[in-house]
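Good morning, everyone. Today I want to talk about side chains that meet. Please look at the screen.

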Amino acid sequence: MTLFPTMEIGSLPKLPGREAKLKGKEPTDKDKEQLRQILRLVNNPPELADLVEQFLQAERRETIIKLNSRFNIRLLEALGVEQVYDGEAQRKEMYQGVVEHVAGMQELDRQVSFVTKAGFPNTFVPFMYTRPLTLTSKLHYDETSFIASNATKQVKVPITGAYTLGTWSDLGKFPQELIQQGKTHSQARHQVMEELVYSFADNVINPTLKELAALGIYRLQIDEPNASAFHNQQDLLYEATRRSVAGVERVELGMHICFSRDYRTIAGVAKILELKFLTLEIANRDTPDHRAYRDVIQAFESAGYQGKYCLGVLDVHTDELESPELIKERLLYAAELVGPQRIEAAPDCGLRTRKLPIAVQKLQRLVAGAEIAKKIMES
């Protein structure tokens with residue numbers, strides 16, 4: 001068994017120059033220099049250099065996107081990351097990229113911007129609930145097939161969870177209809193939100209997880225950044241998760257929870273035994289004595305969790321580069337609490353918030369710190 005295996009949570013920045021190329025324009029000199037910098041950081045492997053050259057010459061939209069996907073897979077493998085993905089190279093934003101495949105959701109002509117409890121911004125285009133949900137096409141299936149056929153290491157694929165999809169959506173006319181029938185505003189919103197969240201779980205996420213699991217990948221990660229956003233709605237999160245994972249086989253299931261300042265409020269996910277790993281945002285709140293890791297782990301241990309902790313040991317909201325020594329300290333501290341076999345290493349969240357050269361350097365330090373921790377435990 002490999003101690004302290006590493007992964008990237010989900011998103012990576014798009015390749016420099018991609019936006020320009022998709023508009024039919026030439027990448028800037030700055031874009032090209034960033035690409036050269038990335039190659040230098042990983043010692044110019046011939047395959048990555050060739051993918052960059054193909055990317056710069058490509059003209060068709062599909063070709064540009066697929067080359068970005070292949071580049072990210074090979075980049076993570078070259079960095080020594082042990083569970084790989086393509087950094088969402090083939091996806092839009094994590095909410096819209098799902099709901100645009102769902103009948104019963106209507107795109108609105110506005111954006112929603114909010115600041116999380118941790119002070120980090122997020123922006124997305126909301127959709128409105130109009131009728132019972134059904135998938136109009138397979139979700140993430142072609143993407144996952146492509147990644148599985150191109151990766152040489154274990155593949156882990158993230159998918160936005162039903163709770164976040166439902167609670168980020170506009171509830172449409174339905175609450176007002178219930179209010180007219182005598183429900184209070186609070187009762188009406190809660191009833192419709194529950195209906196929508198469960199519809200996402202039953203009709204969108206569960207069939208998607210089953211189809212992706214059949215592709216033979218290693219892990220599926222349910223992303224729930226909104227998990228602790230609402231007071232006293234934990235039971236809705238738990239039931240939506242149970243419905244989402246029901247009958248999913250031949251793959252290891254886990255959950256990524258970020259934007260949470262107090263994991264104790266949702267530690268009950270520990271009782272969903274199908275969840276074998278939790279990826280948790282901790283590095284951005286760490287202190288010199290690393291008690292943040294103790295507090296988070298104890299919350300889930302007290303709730304009966306017995307799976308693996310894939311701990312955030314890189315802060316994705318700063319360009320500051322954590323040292324391998326600091327990453328090693330965080331991992332060994334956590335290992336003392338529950339044993340090294342249950343500890344894995346990752347960034348707090350997706351690295352799309354950084355420029356790609358910074359993301360590469362952070363992941364290099366992640367791998368180096370995990371390797372130091374591994375050697376200490378094995379010595």
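I will go through aromatic pairs, then charges over rings, then salt bridges.

One thing before we start: this is a predicted model.

Aromatic pairs come first. A pair of rings is described by the distance of the centres and the angle of the planes. How many such pairs does a search of the whole structure find? The search gives 6 aromatic pairs.

Take tyrosine 129 and phenylalanine 174. Their ring centres are 4.8 Å apart, and their planes sit at 50°, so this pair is tilted.

Where do the two residues sit in the chain? Tyrosine 129 is in strand S5, residues 127-135. Phenylalanine 174 is in helix H8, residues 174-180.

Buried or exposed? Tyrosine 129 has a relative accessible area of 3%, so it is buried. Phenylalanine 174 has 17%, and it is buried too. The cut-off for buried is under 20%.

Next pair: tyrosine 305 and tyrosine 309. This one is edge-to-face, with 5.1 Å from centre to centre and 70° between the planes. Tyrosine 305 is buried at 4% relative accessibility. Tyrosine 309 is buried at 0%. Both tyrosines belong to one aromatic cluster, together with Tyr263 and Phe300.

Now charges over rings. Arginine 219 lies over the face of phenylalanine 277, at 4.1 Å from the ring centre. Lysine 138 lies over the face of tyrosine 141, at 4.3 Å from the ring centre.

Keep lysine 138 in mind. Its side chain also meets glutamate 211 in a salt bridge, 4.0 Å from N to O. Lysine 138 is in the loop between S5 and helix H6, while glutamate 211 is in helix H9, 73 residues apart. Lysine 138 is partly exposed at 47%. Glutamate 211 is partly exposed at 29%.

Side chains of opposite charge can pair when their charged atoms come close. The whole structure has 25 salt bridges.

One of them joins glutamate 239 and arginine 243, with the closest N and O atoms 3.1 Å apart. Both residues lie in helix H10, 4 residues apart, about one turn of the helix. Glutamate 239 is partly exposed at 26%, and arginine 243 at 29%. These two are also in a network of salt bridges with Asp202 and Arg242.

Thank you.

Notes
Residues are numbered from 1 along each chain as its sequence is written. This is a predicted model: local features need pLDDT of at least 70, side-chain atom pairs count only at pLDDT 80 or more; totals for chains, interfaces and linings use all residues. Side-chain values use heavy atoms; hydrogens and water are left out. Rings of Phe, Tyr and Trp (its six-membered ring) pair if their centres lie within 6.5 Å; planes under 30 degrees apart count as stacked, over 60 as edge-to-face and the rest as tilted. Buried means under 20% relative accessible area, exposed over 50%, partly exposed in between (1.4 Å probe, protein chains only). A charge sits over a ring if NZ of Lys or CZ of Arg is within 6 Å of the ring centre and within 35 degrees of the ring normal.
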